[in-house]
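Welcome, and thanks for taking a look at this one. Please open the structure below and keep it at hand while you read the notes.

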Amino acid sequence: MSKTYWVETYGCQMNLSDSELMEGVLASSGYAQVSAPEDADVILVNTCAIREHAEQRVLGRVAELNRVKRERPGTLIGVCGCMAQRLGTQLIERAEHVDMVIGPDAYRSLPQLIDQAARDGGGVVDVELKDSENYEGLELRRKSQVSAWIPIQRGCDYRCTFCIVPFTRGPEKNREPDAVLREIEEQAAEGITEFTLLGQTVNSYRYGDWDFPRLLRAVARLPGVRRVRFTSPHPNDLTRGLVEVMAEEDAVCPQLHLPVQSGSDRVLKRMARRYTRAEYMAKVGMLRDAIPHIALGTDIIVGFPGEDETDFEATLDLVRSVRYDDAFTFRYSAREGTPSTRMDQDWVVPDHVAQGRLERLIALVREIAAEKNLAEVGKVAGVLVEKRARRGDLLQARTDTYKVVLIPGPEDWIGRYMRVALTGTSGATFTGFPVEP
Ligand code: SAH
Ligand code: F3S
């Protein structure tokens with residue numbers, strides 16, 4: 001009888017990609033995926049540690065999954081990813097129904113770790129960050145037939161004072177360019193046309209003579225590659241050379257998620273982001289000069305220690321001047337061990353103040369996005385049809401600027417490029433219909 005698995009994923013695109021890798025490792029050693037956790041011999045939860053709230057949610061979910069274990073004794077529960085890395089054995093002490101704690105550099109050994117847990121009745125922990133793990137030679141089980149995530153870098157060498165990632169993912173490790181290009185060629189040969197290069201500071205990529213602009217250009221020119229995206233770049237590594245490649249290569253999409261975190265120089269400095277507001281704005285200017293229709297997104301944190309009303313106003317003002325197409329907004333969450341937790345206690349921004357700022361920021365971000373999107377209604381856009389939409393009988397398609405368009409159409413349009421008329425917007429997403437099927 002073959003063994004079965006169920007994988008749940010929380011957090012960022014790197015985690016979604018890692019789950020494809022975990023599933024690939026399991027599938028290669030004879031595991032079959034099931035359609036509900038109740039039917040699985042092994043349940044893996046791939047977790048995020050970026051904010052306290054993210055961790056609470058996962059702990060709640062894992063407790064819920066314990067119900068499955070009670071009804072189906074012998075089921076193994078594993079917690080993987082950043083929370084596993086951060087908490088290690090503590091996780092098993094805090095939640096005794098957790099059988100395995102598996103950090104991001106241990107996925108290659110999943111089958112062995114599972115066997116060990118089955119033999120010993122749980123208690124398996126592997127959270128060693130391994131310099132030697134290069135993630136090569138593992139078969140991924142990809143979710144989409146249309147677009148693929150390609151991790152080109154793991155870990156992070158920046159030390160933003162709020163961020164747990166350098167602790168959970170270790171130092172920056174870049175993949176051999178040949179391996180990246182080969183993987184993309186293989187996927188393109190299978191019919192995938194859109195590729196997103198992934199890394200914590202993806203554009204700091206360097207390998208021998210290769211830097212990120214060179215790799216991006218090489219990817220864009222591979223046969224069968226029609227769209228290339230990358231996320232997330234660090235503003236400091238956004239060079240003129242990179243902007244040139246983005247502008248010159250047709251396959252590179254006119255879209256960028258460029259985390260800013262704050263619009264106040266004082267706060268940026270305390271965050272150790274290593275750029276000023278003016279420097280960030282200059283990068284935005286460089287992008288818009290070269291690619292006038294580029295869509296921009298960002299990440300913003302409110303309530304960082306010491307942020308006062310003037311600092312926050314500076315963030316609102318920056319958002320007004322950049323006019324982002326989209327932004328992920330977060331309330332600062334103190335992560336144990338990060339430098340920001342050791343700042344002056346007087347600097348702590350009270351919850352209600354941070355919450356108030358978050359709400360004002362979200363309202364502004366939404367207002368601007370809606371204005372920009374409303375101005376697109378009535379135009380025609382090129383889209384790639386990605387999948388069946390969650391809602392009813394519509395298909396989900398995406399513009400090169402990464403905006404979602406819901407269109408009516410048959411399932412066999414998935415994977416096709418088409419021109420659609422944008423007929424309406426909810427503010428965030430569009431509705432449309434094909435103008436040339
Ligand atoms: N360089 C990575 C950042 C990963 S974390 C990337 O862009 O891929 C994603 C976002 O989470 C960060 O950009 C930041 O805005 C937010 N974040 C990170 N640590 C946080 C914390 N302690 N509290 C609140 N938000 C945080
Ligand atoms: Fe985190 Fe800053 Fe790196 S946000 S992932 S330490 S660039």
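What follows is a short tour by topic. Please bear in mind that this is a predicted model.

**Ligand 1**
- Ligand 1 is surrounded by 14 residues, and the closest are Gln200, Ser232, Gln261, Asp299 and Ser333.
- Gln261 takes part through its side chain, where an N or O atom is 2.7 Å from an oxygen atom of ligand 1.

**Ligand 2**
- Around ligand 2 you will find Cys156, Tyr158, Cys160, Phe162, Cys163, Val165, Pro166, Gln200, Thr201, His234 and Arg273.
- Sorted by class, this shell has seven nonpolar, three polar and one charged residues.

**Nonpolar cores**
- The largest nonpolar core has 55 residues, of which Leu197, Leu216, Phe230 and Met246 touch the most other members.
- A second, separate core has 23 residues, including Val7, Leu26, Ala106 and Tyr107.
- Leaving aside residues up to four places away in sequence, Met246 touches Leu216, Phe230, Val252, Gln255, Leu256, Leu287, Ile291 and Ile294.

**Helix 12**
- Helix 12 covers residues 309-322, and its 14 residues reach 20 Å from the first C-alpha to the last, close to the 20 Å expected.
- At its start, a side-chain oxygen of Asp308 comes to within 3.0 Å of the backbone nitrogen of Thr310; just after the helix, Arg323 takes a positive phi of about 55°.
- Its buried residues are Asp311, Phe312, Ala314, Thr315, Leu316, Leu318, Val319 and Val322.
- These buried residues pack against helix 10, helix 11, strand 15 and helix 13.

**Thr298 in strand 15**
- Is Thr298 buried or exposed? Thr298 has a relative accessible area of 0%, so it counts as buried, the cut-off being under 20%.
- Thr298 sits in strand 15, which spans residues 295-302.
- A polar atom of the Thr298 side chain lies 2.9 Å from the backbone nitrogen of Val260.
- Beyond residues up to four places away in sequence, Thr298 touches His257, Leu258, Pro259, Val260, Tyr280, Tyr324, Asp326, Ala327 and Phe328.

Technical notes: Residues are numbered from 1 along each chain as its sequence is written. Chains are lettered from A and ligands numbered from 1 in the order in which they are written. This is a predicted model: local features need pLDDT of at least 70, side-chain atom pairs count only at pLDDT 80 or more; totals for chains, interfaces and linings use all residues. Side-chain values use heavy atoms; hydrogens and water are left out. Helices (H or I, at least four residues) and strands (E, at least two) are DSSP runs, numbered from the N terminus. Buried means under 20% relative accessible area, exposed over 50%, partly exposed in between (1.4 Å probe, protein chains only). A polar contact is a pair of N or O atoms within 3.5 Å; within protein, one must be able to donate a hydrogen and the other to accept it, and residues adjacent in sequence count only if both atoms are side-chain atoms. Contact means heavy atoms within 4.5 Å. A residue is near a molecule or strand if one of its heavy atoms lies within 4 Å of it. Ala, Val, Leu, Ile, Met, Phe, Trp, Tyr, Cys and Pro count as nonpolar, Asp, Glu, Lys and Arg as charged, and the others, Gly among them, as polar. A nonpolar core is a set of buried Ala, Val, Leu, Ile, Met, Phe, Trp, Tyr and Cys residues joined through side-chain atoms within 4.5 Å. The expected span of a helix is 1.5 Å times one less than its number of residues.
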